[in-house]
Amino acid sequence: MRVNDNTLINAAVQVGLVDANTLPNLKMLSRRQQLPLLELICKEGLFPQTALYRALAESRNLAFYEREDIQVNAPHLNALNAQILLKRLFIPVDMGEQLVVLSSDPDDKVAQDITQRALNKPCVLALANPLLIEALLREHYQEHISSFNAVSIFNEIMKEAYLRQATDLHFEALKTGMQLRMRVDGRLQHYDRPIDKALADSLMSRIKVLAGLDIAEQNMAQDGGFAYDIEGWVDTAPVELRVATLPTRFGERATLRILGQGTTNATLSQLGLPQHLLQPMLEAIHRPYGMVLVSGPTGSGKSTTLYASLRELDAARFNIMTIEDPIEQVIEGISQVQVADKVSFSKALRSFLRHDPDVMLVGEIRDGETAETAVRAAMTGHMVLSTLHTNNAIAAVNRLIDIGCPSYLIASTLLGVLAQRLLRRICQHCCYTYPATENDKKLLATNSTTLLLSKGKGCSHCMGSGYSGRVGIYETLWMDNQLEQLIHQGASEQKMSDYAQEAGKLNTLWEDARQKVLDGITTLEEASTLYQPY
């Protein structure tokens, strides 16, 4: 059975998820906005409903399980009455050798009794999100709810994405319907509500209509975008989305990129750039001409860094122009141009030169024509900022050469390269320290006998992951005369890297990741699985 709202609120207060002093104001706001109190609490606290059930489990010292923890046992479900399970919302599952009854109500002793009698085996109670329990049951019994329509379900999805601070939504076609996964802090999470075939088709049409795509065309990839106002949330800004659809074996899939999530007004210092890297970056972007590149794989925060760089410049004093695909964040006082069929990166750049720019931002250097136009613009007295897809800062130089940019132009215009990645931050609500092992010390290159490292236990604030949010780690390469000569000579990446490190011109990703581990910002596990020392 579902627990009542007061039980969830009291548990959230008990574990510190909700401040008891704010409840009177939230109740008044709930009546004024005509929103259910639980929904308003989640909206104001910026956490999904499942966090309340996790808080309840935490307050009762019960285990809490997510979808990836659960393996449904068909014989167990077949031995029980489907209608009873759906009415009371509980499900028996095996956790190792132990039989566990998952419920959303910690006081539901009836569920335990029914399970023990039907399966003739002792069991323990644990909690899970009721939406997940219902989804697992309906998937097994192939029963679906017909009361949902595409408009309401999409609005619920957008609420969930907003609360989880998701960056991408993956609507993936299945034989029986559709699954939805949200990328949160770089990891994919399942959306618990079941989506059957009929609802999946309606939902895909809804997305395509909003994005201005052709709903009749199902055999061709399409791209679009839209701004979405979450219905019922009157004081929430529209969410900007970029949409891509693609035909797959079981139907169309759609990927929605949520633009500017949580970074709309961020500056370079707020992104986690350490001072010894921040200062030369600020000096570089304030130079009258030259080119600064930001490199890294997709989803590493390159665009966010470029926008933060533009906010460091005085738009009233400089003529700043950008060409982007798409425009992810709107910055006051800057001329921003969207790539289109008739406006490519290279064409826009050539046109910019006739508009007396001081600073030009190129969303991405993808081809030789754009690269050469960008470096020539930098050589003729303009500051150019752009991004490249490379694994490290040194590789950006050879990448420009590979796509056809002359090495003499690169050497004479490139000021520096900032390479970056994103690592998950340790949740500050459940953070604890532990003694470093000898292997940890070896990896971190320290001989400290009292080294303590940090990690998160997992709590309702971080949805049990031990992490909350992400922080950038950075690598910088700054040019000097010797590096310019090495580029002219076509030197290898290794030779340039060796010189740059000896001359103090290269600060590596690992060095920054290592320091953030020692500072207790992220975990050694998070850093070492992605990056190793050069």
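This is a predicted model: local features need pLDDT of at least 70, side-chain atom pairs count only at pLDDT 80 or more; totals for chains, interfaces and linings use all residues.

User: Where does Leu46 sit, and what makes Leu46 partly exposed?

Analyst: Leu46 is in the loop between helix H3 (37-45) and H4. Its relative accessible area is 35%. Buried would need under 20% and exposed over 50%, so at 35% Leu46 counts as partly exposed.

User: Which other residue has a positive phi without being glycine, and is Asp356 buried or exposed?

Analyst: Asp356 has a phi near 55 degrees, a positive value in a residue other than glycine. Asp356 lies in the loop between H13 and strand S14 (359-362). Its relative accessibility is 60%; the cut-off for exposed is over 50%, so Asp356 counts as exposed.

User: What kind of peptide bond joins Asp325 and Pro326, and where is Pro326?

Analyst: The bond between Asp325 and Pro326 is cis, with omega about -5 degrees. Most peptide bonds are trans. Pro326 belongs to the loop between strand S12 (320-324) and strand S13 (335-338).

User: Why are H1 and H4 called roughly perpendicular?

Analyst: The axes of helix H1 (residues 5-14) and helix H4 (residues 49-59) come within 8 Å and cross at roughly 70 degrees. Angles of 65 to 115 degrees count as roughly perpendicular, and therefore H1 and H4 get that label. The crossing of H1 past H4 is left-handed. On the H1 side the contact is made by Thr7, Leu8, Ala11, Ala12 and Gln14, and on the H4 side by Leu52, Tyr53, Ala55, Leu56 and Ser59. By class, these contact residues are 7 nonpolar, 3 polar and no charged.

User: And what makes H13 roughly parallel to H14?

Analyst: Here helix H13 (residues 345-352) and helix H14 (residues 368-379) have axes that come within 8 Å and cross at roughly 20 degrees. Since angles under 35 degrees count as roughly parallel, that makes H13 roughly parallel to H14. H13 also passes H14 in a left-handed crossing. Phe345, Ser346, Leu349 and Arg350 of H13 meet Glu369, Thr370, Thr373 and Ala374 of H14. This contact of H13 with H14 has 3 nonpolar, 3 polar and 2 charged residues.

User: Are Cys427 and Cys405 buried or exposed?

Analyst: Cys427 has a relative accessible area of 1% and is buried. Cys405, at 2% relative accessibility, also counts as buried. Both labels rest on the limit of under 20%.

User: What about Asn398: how do you know that it is buried?

Analyst: Asn398 is in helix H15 (residues 393-402). Its relative accessibility is 18%, and buried means under 20%, so Asn398 counts as buried. Leaving aside residues up to four places away in sequence, Asn398 touches Ala491, Glu493 and Met496.

How values were computed
Residues are numbered from 1 along each chain as its sequence is written. Side-chain values use heavy atoms; hydrogens and water are left out. Axes are lines fitted to C-alpha atoms, for helices over the stretch in contact, and angles run from 0 to 180 degrees between N-to-C directions. Helices (H or I, at least four residues) and strands (E, at least two) are DSSP runs, numbered from the N terminus. Angles under 35 degrees count as roughly parallel, over 145 as roughly antiparallel, 65 to 115 as roughly perpendicular and the rest as oblique. A crossing is left-handed if the near helix is turned anticlockwise from the far one by less than a right angle, and right-handed if clockwise. Contact means heavy atoms within 4.5 Å. Ala, Val, Leu, Ile, Met, Phe, Trp, Tyr, Cys and Pro count as nonpolar, Asp, Glu, Lys and Arg as charged, and the others, Gly among them, as polar. Buried means under 20% relative accessible area, exposed over 50%, partly exposed in between (1.4 Å probe, protein chains only).
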